[in-house]
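Q: Could you walk me through this one before I set anything up? I'd like to start with the charged pairs and then turn to the ligand.

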Amino acid sequence: MSDNIKIAPSLLSADFLNFEQEIIRLEKAGADLIHLDIMDGHFVPNLTFGNPLIKAIKQRTHLPLDVHLMVSNPENYLDFLINQKIDYVSFHQEIAIHIHRSLVHLRDNGVKAGLALNPATSVELIFPVLEYLDFVLIMSVNPGFGGQKFLPIALDKIKILKNAIKDRNLTVEIEVDGGINSQTAALLREAGADILVAGSYVFTSEDIAGRINSLRKS
Ligand code: DX5
Ligand code: ZN
């Protein structure tokens with residue numbers, strides 16, 4: 001169980017016409033990271049936002065940014081994110097071709113490198129590159145939309161991954177994304193997650209600090 005779990009609210013569920021105010025609310029509420037969902041309408045059937053908005057958000061906040069690329073050609077996005085000094089970047093195992101090269105490229109340029117896994121993707125698939133990862137993003141919903149129901153399939157993956165990380169004496173954070181609320185957060189903390197992403201749960205309350213705190217301890 002992680003003692004210092006990090007909470008990464010996703011702006012996907014924020015008010016898109018008031019991102020600046022939403023970021024200020026997250027800072028005041030004690031968020032550890034801001035999670036940005038980049039969707040291209042191809043890898044996932046939805047579109048969000050791209051580079052200009054990522055740049056504007058980076059300039060506006062002191063919180064670390066966590067960019068989750070749900071795009072078909074993640075390699076094409078990396079240099080921009082490196083130049084913006086984005087803190088965490090993950091792309092999907094299912095769509096990336098040159099995974100090792102991309103991970104090394106991110107790391108060599110000071111960005112925490114992560115691989116994201118859809119619910120149906122076996123966690124063992126990433127074992128060959130485990131030592132090149134700073135974090136793994138385990139999806140607990142199918143990517144593309146906020147507000148979906150948590151899939152418990154994520155819990156077994158965390159346990160398998162946790163053991164593999166320990167066996168190899170590595171430091172790899174485990175992030176989980178999708179359907180996280182105070183109940184599912186308790187299961188994820190118990191399983192050993194290090195970072196919890198939450199969109200709709202955080203933003204459907206006026207008391208976002210209360211929601212964030214309930215994900216740390218419930
Ligand atoms: C889904 C995104 C998530 C999304 C989570 O494709 O990757 O980050 O914002 O939303 P909730 O917490 O509402 O499931
Ligand atoms: Zn996400």
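A: A salt bridge here is a side-chain nitrogen of Lys or Arg within 4 Å of a carboxyl oxygen of Asp or Glu. Please keep in mind that this is a predicted model.

Q: OK, and how many salt bridges does the structure hold?

A: The structure holds seven salt bridges, and one of them is formed by R60 with E20, where the closest N and O atoms are 2.7 Å apart.

Q: What does the pair R60 and E20 tie together?

A: R60 belongs to helix α2 (residues 51–60) and E20 to helix α1 (residues 19–29), so the pair links parts that are 40 residues apart in sequence.

Q: Switching to ligand 1, where does it sit?

A: Ligand 1 sits in the largest cavity, and of the 20 residues around it, those that come nearest are G144, G147, D177, G199 and S200.

Q: How much of the accessible area of ligand 1 does the protein cover?

A: The protein covers 100% of the 380 Å² of accessible area that ligand 1 has on its own.

Q: And what is the shell around ligand 1 made of, by class?

A: The shell has eight nonpolar, ten polar and two charged residues; β2 (34–39), β3 (65–70) and β8 (195–198) each supply at least two residues of it, with the largest share, three residues, coming from β2.

Conventions: Residues numbered from 1 in each chain as written. Chains lettered and ligands numbered in written order. Predicted model: local features only at pLDDT ≥ 70, side-chain atom pairs only at ≥ 80, totals over all residues. Heavy atoms only, no water. Near = heavy atom within 4 Å. Areas by Shrake-Rupley, 256 points an atom, 1.4 Å probe, with all protein chains shown as cover. 1 Å grid on protein atoms, 1.4 Å probe; cavity = no way out; pocket = protein on both sides within 12 Å on 5 of 7 lines; lining within 4 Å. Sits in = over half its atoms within 2 Å of the grid points. Helix = DSSP H or I, 4+ residues; strand = E, 2+ residues; numbered from the N terminus. Nonpolar A, V, L, I, M, F, W, Y, C, P; charged D, E, K, R; others polar.
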